[in-house]
Amino acid sequence: MALSVQRGLFATGRFAVVVALTYLGLLAVTFFIGRVIPVDPALAVAGDRAPEHVLEQVREELGLNLPLPEQFVRYVGRALQGDFGTSVLTTKPVLEDILATFPATLELATVGIIIGAGFGIPLGVWAAVRRGGLVDHAVRVMGLVGYSVPIFWLGLMALVLFYAKLGWVSGPGRIDVAFEYSFDRTTGLMLVDTARYALSSGEWDAFRSALSHLALPGALLGYFSLAYISRMTRSFMLNELAAEYIVAARAKGLSESRIIWRHALRNALVPLVTVVALSYAGLLEGSVLTETVFAWPGLGLYITNSLQNADMNAVLGGTIVVGTVFIALNLFSDALYRVLDPRTRDTR
Amino acid sequence: MSLRRINRITRRTWALSASAVLLLAAYAPLQAATPKDTLVMAMAIDDIISLDPAEAFEISTGEIIGNAYERLIRFDVNDPSKLLPGIAKSWKVSDDGKTYTFELNAGLKFASGNALGAEDVAWSLQRAVLLDKTPAFILTQFGLKKDTVKDRVRATGPLTVVIETDKAYAPTLVYNCLTAGVASVLDKKLLMSKEVTKDGVGDLGYGWLKTNYAGSGPLKIRDWRANEIVALERNDNASAAAGKSKTARVIIRHIKESATQRLLLEKGDADIARNLTPQDLDALAANKDVKSTATAKGTVYYFSLNQKNPILAKPEVREAFKWLVDYDAIGKTLIKNIGVVHQNFLPQGLLGASKDKPYKLDVAKAKALLAKAGHPNGFKVTVDMRTAQPVQGITEAYQQTLKQAGIELEILPGDGKQTLTKYRARSHDIYVGQWGADYWDPHTNADTFARNPDNSDEAKTKPLAWRNAWNIPELTKKSDAAAQERDGGKRAKMYQEIQAEFRNSSPFVMLYQQTEVAAFRANLDGLKLGPTSDSTYLWAVSKK
Amino acid sequence: MSGESLTQWLLSDRPQSRRQAALGRLYGGWRTFARNRLAMLGLFIVLALVLLAVLAPWIAPYSPTVGDLGSSRLLPPSSTHWLGTDDQGRDILSRLLHGSRVTLFVVLLVAVLAAPIGLLVGTVAGYAGGWVDAVLMRITDIFLAFPRLILALAFVAALGPGIENAVIAIAITSWPPYARIARAETLTIRQADYISAVKLLGASPARIVLSHIMPLCLSSVIVRVTLDMAGIILTAAGLGFLGLGAQPPMPEWGAMIAAGRAYVLDQWWVAAAPGMAIFVVSLAFNLLGDGLRDALDPKAVK
């Protein structure tokens, strides 16, 4: 076999093994720690009033009386077949629950990162270029406010101002009650589902309602990630702008804008991609406080709720989703590095 | 570094912002008020785990089932001691007190269109006992067991149902238990068609009913998305006796945050808000578009001292704790609008409930008692506290007043289920908890506060007295006797005695009784909160 | 050395000994830092905070743990209570002052624990490549995806409630982002000429990573760490509801914010005071971090 093909297969094999081990490791750690937390999952199912024998019955059904390693093996075995167990709180299969809650978080996170990166990167570049100037300070303070103020406070204040007082956006929830049952939810992404409905029926009200509800929490998360991304962009840009090749480029007579965007920023992209990917993954994890304030039924609320009730199937399911998100985004940004910056390619 | 081409960045950023603003402006948020024929209620409904009346026992589900299903009897919301016909038009009990006969109304139908008869009633009650889920004890406490229920509960005619109990209980106790959600009447034909059989055993429609509906009440359950929404619709097949829903739809939105509920209510996106905090209620008092209604609920809050702790087991110490709560200050501030100071285990409104309030904040007296018990300089003790209000605020206040007598209270915060797990394992020192009446009869609270048939670690039931290792064989007998006393007046007196003894010697520091408050838009009419979770009739609310 | 002033000795172009060179670099860095007015402002605020924290018991006007529920609850800021009172009637200013000790302690400890771990893992992974890189990055992924709340609950069960255990729990889950950033930077510089030069000189991989690559990644990590300071406090606040955090009545800022959440709409001062304090701390460390970053950058003009 050609050396390159051999290398390719080896790399793929290594990749598969490592990813599989990651999942296993994540599951194992979560599972074993989860089983020793001091909450009785039977309480969530049967409640506090249940007589002891009903609770025992529930524990039997949940398989809690088996030895821990056996429970884990059972779980992994079923998971490999696509059965992630049933949530004790919603009585539905965990997979179904996740397919219902993850799109909500996905939609919100995507809007957030588009705003965050879309505004954050230019702002960070601007701050780096006009270092020490008014813009730099303004970006710094704005960033710090976004980062150090509790998000529930920002959320509630935003609701009070933009929803209650000014009426510019719709309130908590994903869509107006009036449209709740007027269209099919196939993807779980409100914008997509309402758009499909609008295209087929000509009625755009539901779409407008979904957009209006998405605006405020999306902007909030966007502001949050913008704060971080702009700071990091500024830092990376400052690193690049201090390099010798910039001096050389100026000496050569290249225009400033070309230097900044096509050379300095290009070289700062590798760590910048990391930062954006980390931000996006963090948003996809779901922010339980944002979801509580905006009554957004997303993954953050789901996992936290399940954890408080020791609904381990749901927690493990949610963890797998979050784990997949992080692994996927990290692998994606790794691949992106090689495209963007030849220095990162493996020459060995 | 002055760079002219920086203007490109400026321009780009402005362009982006401008387009974003335009996009935002392109849609205007639609009409805020809720639809005319839909009632929208903001409530924390994350406690719902199943819609099956034989299994559901949470506050939110209780309310939904109270609106969606019917029972044999119901009580008058304005005077809970009065019983009113439900599905049964008349009822009587035999002279020996062990046989109850119910005559049903004729011509009743389920939402599915199926006819409602004695067969459905008997089958529903049997089913609750056979499935033996959490609320089943309400029925099984009358001697209805899995192997005997089919004989003890039966339809003796197309419109006649007979129930035989094992002992002669107070009839009001039995009737009140039949008003509970677990005694809801289910559509037998529909459920049997949805039955799933596993290993030769049918599940009586249990799997299906968890997330579906098979009832005859004024509202039918259309949809339940966990932690998100419950949608109810008018049931056109409901009888006049059951009630015709005034609005076509009732949507219950799960909103956990009180501030969010308040904003929705103020803006008109919600018609009713159910979980507002005292400060939010205060703030809404000035709002002309919002009114509120309140009802004393059958839920009491308390601190309990684990008798396994040798210091807390001393009678003087127990009493000292009761003199160290600043009831007045707490009543005026932390529980304002949402509770009333109450020092007995029977909530107001139940037969025999006592109004006596002998305790107040008296640090000197408490110190004297502690000295008598051999702890003049106080001692250290822990409390397992739920990180929820108002419980957290009350515990912190208690911490301060206890300190004045030298008692160092270490607060161990935790989440609700965390602390509950510890409580049930009797591994706490002090626990701050609450208890809601399961049905509208004094036995429901006496059963848990004043009865402890088996104090061993392997006990089959874990009433609150057990959880605090309070060994009370005499009081248990008294509570049992009161449950079987058929004369109302005598029964009330027995409960007065039990409460007096309880106030003196129990390890429970009773704090307050909950007042449930609902804030609603001024254009609503007919909203009345019931004393139990299943007696708030949303179908009776109309919008002008 | 005789005849020269100390400054000249430190800044000498021809240091006589290693120690002189090292001290000289340190002094040069300090001068760069001192020239940065904003960084000095940051340093000043941080020192002021430390001073306030140390002197808290003497300068706080009231007790941070005793309040009058009946009569002084939720009072707005006034001349008697500069920052108002909270829902238990306790003076917020006093609580803020006393709480600064705990909060600063938590923040610094987490930063000091998490940053070095992240830096080490990231640079080693980036430089080594291959299996080591893959394994380390996947371990990082595990820690990133692992729900922090579970760890909090487990810690509460194993070690009991309290703020010290919160520090460990937060530190364990905070290092992965630093590792990712450090690795990204390492990937771009590991093939540089000066690294090859040091390799030719016979430097071991360990030396290369520790002495040459790490310092270059340090600046980005420092920026990220200073940004995270506020986040750490807020995370600690978020774990409090599970028991892993400050136990009442401890006036830790995060706990104060969490408690003030219920009063945000009308009694805004309950959450605003600790919020403002967190913002000021965040700003101070951020300015300080930027200054450090500039001072540590070997390519910056001294």
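In the predicted model, H13(A) is followed by A:Ala310, and the phi of that residue is positive, near 55°. Helices here are DSSP runs of H or I with at least four residues, strands are runs of E with at least two, and both are numbered from the N terminus. As for bookkeeping, residues count from 1 along each chain as its sequence is written, while chains are lettered from A and ligands numbered from 1 in the order in which they are written. Since this is a predicted model, local features need pLDDT of at least 70 and side-chain atom pairs count only at pLDDT 80 or more, whereas totals for chains, interfaces and linings use all residues.

On confidence, the predictor gives the complex an ipTM of 0.87 and a pTM of 0.88. Chain C has a mean pLDDT of 85, with 97% of its residues at 70 or more; pLDDT is the predictor's confidence in each residue, on a scale from 0 to 100.

Back to H13(A), residues 299-308. Ten of its ten residues are buried, so the helix is largely enclosed by the rest of the structure. Buried means that 20 or more other C-beta atoms lie within 10 Å of the residue's own; 12 or fewer makes a residue exposed, anything in between is partly exposed, and the C-beta atoms are placed from the backbone. The buried set runs from A:Leu299 to A:Gln308 and includes A:Tyr302 and A:Asn305. What covers these residues comes from three chains: the cover includes helices H5 (94-129), H12 (288-293) and H14 (312-340) of chain A, helix H15 (416-424) of chain B and helix H6 (148-159) of chain C.

H5(A) turns up again in a helix pair. It packs against helix H9 (205-241) of chain A at an angle of about 35°, and the two axes are 5 Å apart. Axes are lines fitted to C-alpha atoms, for helices over the stretch in contact, and angles run from 0 to 180 degrees between N-to-C directions. The crossing of H5(A) with H9(A) is right-handed, that is, the near helix is turned clockwise from the far one by less than a right angle, anticlockwise being left-handed. The residues of this contact split into 22 nonpolar, nine polar and three charged. In this scheme Ala, Val, Leu, Ile, Met, Phe, Trp, Tyr, Cys and Pro are nonpolar, Asp, Glu, Lys and Arg are charged, and the others, Gly among them, are polar.

Between chains A and B, the contact takes 59 residues from chain A and 56 residues from chain B, two residues being in contact if their C-beta atoms, placed from the backbone, lie within 7 Å. Elements of chain A that each supply at least two residues include H5, H9, H12 and H13. H5(A) gives the largest share of the chain A side, seven residues. By class, that side has 33 nonpolar, 17 polar and nine charged residues.

For chains B and C, 24 residues of chain B are in contact with 21 residues of chain C. Helices H9 (258-267), H10 (278-284), H12 (327-332) and H14 (391-404), together with strand E17 (408-414), are the chain B elements that give two or more residues to this side. Its residues divide into seven nonpolar, eleven polar and six charged.

Chain B also holds an open, antiparallel sheet of four strands, in the order E4-E5-E7-E6. Strands pair if DSSP finds at least two bridges between them. E4 (88-93) and E6 (153-157) of chain B stand at the edges with a single partner strand each, so one side of each has no neighbour in the sheet. From one strand to the next, the twist averages 25°. Helix H3 (118-131) of chain B packs on the sheet, touching E5, E6 and E7 (160-164), and its direction makes about 175° with that of E6(B).

In E7(B), B:Val161 and B:Ile163 make up the covered face, while B:Thr160, B:Val162 and B:Glu164 make up the uncovered one.
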